[in-house]
Structures are given as C-alpha cells and as structure tokens.
Amino acid sequence: MLVQKYAAVEYIRALKTGDFYMDSIITSIKKKGTGLLFMTSNGNLYNAHYKNNYYNVFRNERHKKKVLTRQINDIFKMYGYKKLKTPNNDTEGGQARRPEKEYSPPGPSAPEPE
C-alpha cells in the first residue's frame, strides 16, 4: 500500500535508527539496490523505491503479523510459557476460510432439579 508519494530524497536518505516515521520509531534500516527497507517499532515494514529525484514509500502488511507474533513469543519465553500458535484458517496465502463447527455438548443434558 502506497503511504508516501514523491517523498524528498534528502528526507528519506536522512532517516536513521531511532527517528520517528509514521508515528512510530524506526528500529532497523537496510539499503537494497535502488531503495531502502526499514522497520518501525510497531511492526510495520516500509519499502522506499527510488525514482527520478524522489522516493515512493510502500507499507508491507503481511510482515506485521509475523513480527508481532515473534515479539509475543519472545515475551512468552521470558516468563517460561510455550510459544503462541496462530491458526492458519484465514484467507491469506490463497487459502479459503474453513467453516467453523458448532459446539454441541457431549451426551444428554442433566435433568433439572425439582
């Protein structure tokens, strides 16, 4: 998803770890060919593509779920709990959502007291 169009070259190249971008703090920056890849503290991943004298900045939504799950698992490990397992029944990756089964209690219900 495009979040910033025609961004100034000086502004994007001056970003460094610890700066604010889109209301969160930049935690890592990597230079990739003709662009930049940077991650913020809330788990968003941004790609800045260089064009002629400007940058277009895109946000990668798929990455956020992985980063947040990893952060939760790190917190769980600190306190001695097992990893969090996320269900794979969502529509990401081209898979259709499975129909949910209704819960039915096992056996007959108990008789009501008189």
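1. The side chain of Asn56 has a polar atom 3.2 Å from the backbone nitrogen of Tyr6. A polar contact is a pair of N or O atoms within 3.5 Å; within protein, one must be able to donate a hydrogen and the other to accept it, and residues adjacent in sequence count only if both atoms are side-chain atoms. This is a predicted model: local features need pLDDT of at least 70, side-chain atom pairs count only at pLDDT 80 or more, and totals for chains, interfaces and linings use all residues. Residues are numbered from 1 along each chain as its sequence is written, and side-chain values use heavy atoms, without hydrogens and water.

2. Asn56 sits in strand β6, residues 54-60. Strands are DSSP runs of E, at least two residues; helices are runs of H or I, at least four; both are numbered from the N terminus.

3. Is Asn56 buried or exposed? Asn56 counts as buried because its relative accessibility is 10%. Buried means under 20% relative accessible area, exposed over 50%, partly exposed in between (1.4 Å probe, protein chains only).

4. Leaving out residues up to four places away in sequence, Asn56 touches Leu2, Gln4, Lys5, Tyr6, Asn47, Ala48, His49 and Lys51. Contact means heavy atoms within 4.5 Å.

5. Now the whole chain. The chain has 2 helices and 6 strands. From the N terminus on, the order is β-α-β-β-β-β-β-α. Of its 114 residues, 23% count as buried.

6. Ile75 belongs to helix α2, residues 62-78. Ile75 counts as partly exposed because its relative accessibility is 44%.
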